[in-house]
Amino acid sequence: MTPLRRTPPDEAATQASDHMTVEVALSVMAAARTGQLLVHDGDDRPTGLVTRAQLAAARAASSYTDRLRLRDVVGAVASAR
């Protein structure tokens, strides 16, 4: 998992819920013109940071389904470290 860092309000990251799918997250990133999303759990606590490259890699994997959630990607990144 990418370490979290505090950001000033003018540098606030685009945020997403961990139950969002990879496809929707990529659309949000494109619309927001950002390369990363700060992922939050159901209690609105930050759980990780995902990049467009990480989501593209997850989508390109042979095990990808359109039901893959951000929580699965954040968990996979954390366990790969």
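Which residues are linked in a network of salt bridges? They are Asp41, Asp43 and Arg45. Keep in mind that you're looking at a predicted model.

Let's zoom in on one link of that network. The side chains of arginine 45 and aspartate 41 meet in a salt bridge, with 3.2 Å from N to O. How do the two partners sit? Aspartate 41 counts as buried because its relative accessibility is 17%, which falls under the 20% cut-off. Arginine 45, at 47%, counts as partly exposed.

## Reaching across to helix 3

Searching the whole structure turns up 4 salt bridges. One of them joins the side chains of aspartate 18 and arginine 71, at 3.6 Å from N to O. Aspartate 18 is in the loop between strand 1 (15-17) and helix 1 (22-32), while arginine 71 belongs to helix 3 (residues 70-80), so this pair ties together parts that are 53 residues apart in sequence.

Here, too, you can check how accessible each partner is. Aspartate 18 is buried, with a relative accessible area of 12%, whereas arginine 71 is partly exposed at 41%.

## Linking helix 1 and helix 2

Now look at arginine 59 and glutamate 23, whose side chains meet in a salt bridge of 3.4 Å, N to O. Why does this pair tie together parts that are 36 residues apart in sequence? Because arginine 59 lies in helix 2 (residues 52-60) and glutamate 23 lies in helix 1.

As for accessibility, arginine 59 is partly exposed, with a relative accessible area of 38%. Glutamate 23 counts as partly exposed as well, at 30%.

Note on methods. Residues are numbered from 1 along each chain as its sequence is written. This is a predicted model: local features need pLDDT of at least 70, side-chain atom pairs count only at pLDDT 80 or more; totals for chains, interfaces and linings use all residues. Side-chain values use heavy atoms; hydrogens and water are left out. Helices (H or I, at least four residues) and strands (E, at least two) are DSSP runs, numbered from the N terminus. Buried means under 20% relative accessible area, exposed over 50%, partly exposed in between (1.4 Å probe, protein chains only).
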